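Here's a quick tour of one model, helix by helix. Have the viewer open as you read.

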Amino acid sequence: MTTPDADGLLAEQLLLLTRRVHRIQKRHLEQRSLGITPAQSRLLRTLARFGEPPRMADLAASLEVVPRAVTTLVDGLEASGKVRRVPDPANRRVTRIELTDDGRGALRELHGVRRTAAEEILAPLTDPQRAALGELLDTLVGTTPARGHRC
C-alpha cells in the first residue's frame with residue numbers, strides 16, 4: 001500500500017483555492033457592474049502601488065506577464081477612462097500609465113469587492129484559524145504581515 005503524496009495534495013488544494021477565489025471575485029465584480037475584469041483589477045492595483053506613473057515594461061515586469069498582455073489591459077482601461085497614457089517628461093519616446101480619477105474610484109470599489117469575496121471565502125474559519133492561515137500564507141509568499149491589513 002502506498003501513502004498519499006501529501007505535498008501533491010497540498011499543491012492541488014492550493015490550485016483549487018486559487019480557482020475558487022478567482023471565480024468568487026469575478027462573480028462579485030460582475031454583480032457590481034464595474035465593467036472590469038479580474039486581470040484589469042490586478043493591473044489597477046499594481047499601478048496604484050507605483051510612486052510615479054510607470055512605463056508599460058515596468059507594469060509587465062511587476063505583473064510577471066509579457067508586455068503585449070499589459071497593452072491589451074491598458075487599452076481596455078483607457079477606453080473606459082480608468083487610466084491614461086502620458087508622455088514621460090524626461091524622454092518623449094517613453095509613455096507612462098497613470099490612474100485617472102475614475103480609476104481611483106474604481107480602486108475603492110474593487111477594494112470592497114475583494115473584501116466581500118474574502119469574507120465569503122473565509123466564512124468557515126474562526127478568527128484564530130484566519131490568523132494562522134494569514135501567517136502561513138505570509139510564509140509561503142515571502143511577505144511580512146501588514147499588521148491588521150489583509151485583502
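Which residue follows α6, and what is its phi? That residue is G142, and its phi is positive, near 75°.

## Ground rules

This is a predicted model, so local features need pLDDT of at least 70 and side-chain atom pairs count only at pLDDT 80 or more, while totals for chains, interfaces and linings use all residues. Numbering runs from 1 along each chain as its sequence is written, and side-chain values use heavy atoms, with hydrogens and water left out.

Helices (H or I, at least four residues) and strands (E, at least two) are DSSP runs, numbered from the N terminus.

## Helix α6 and its patch

α6 covers residues 127–141 and gives the most to a nonpolar patch, with 3 residues. The patch is made up of L14, L137, L140 and V141, with about 390 Å² of accessible area together. Areas are Shrake-Rupley, 1.4 Å probe.)

## The buried side

Over in α2, Q40, S41, L43, L44, T46 and L47 are buried. They pack against α3, α4, β1, β2 and α5.

A117 belongs to α5 and counts as buried, at 0% relative accessibility. Leaving aside neighbours within four places in sequence, A117 is in contact (heavy atoms within 4.5 Å) with I24, Q25 and H28.

Terms used:
Buried < 20%, exposed > 50% of the residue type's maximum accessible area, 1.4 Å probe, protein only. Patch = residues over 30% accessible without salt bridge, like charges linked within 9 Å, V, L, I, M, F, W, Y side chains within 5 Å. Salt bridge = Lys/Arg side-chain N within 4 Å of Asp/Glu carboxyl O.
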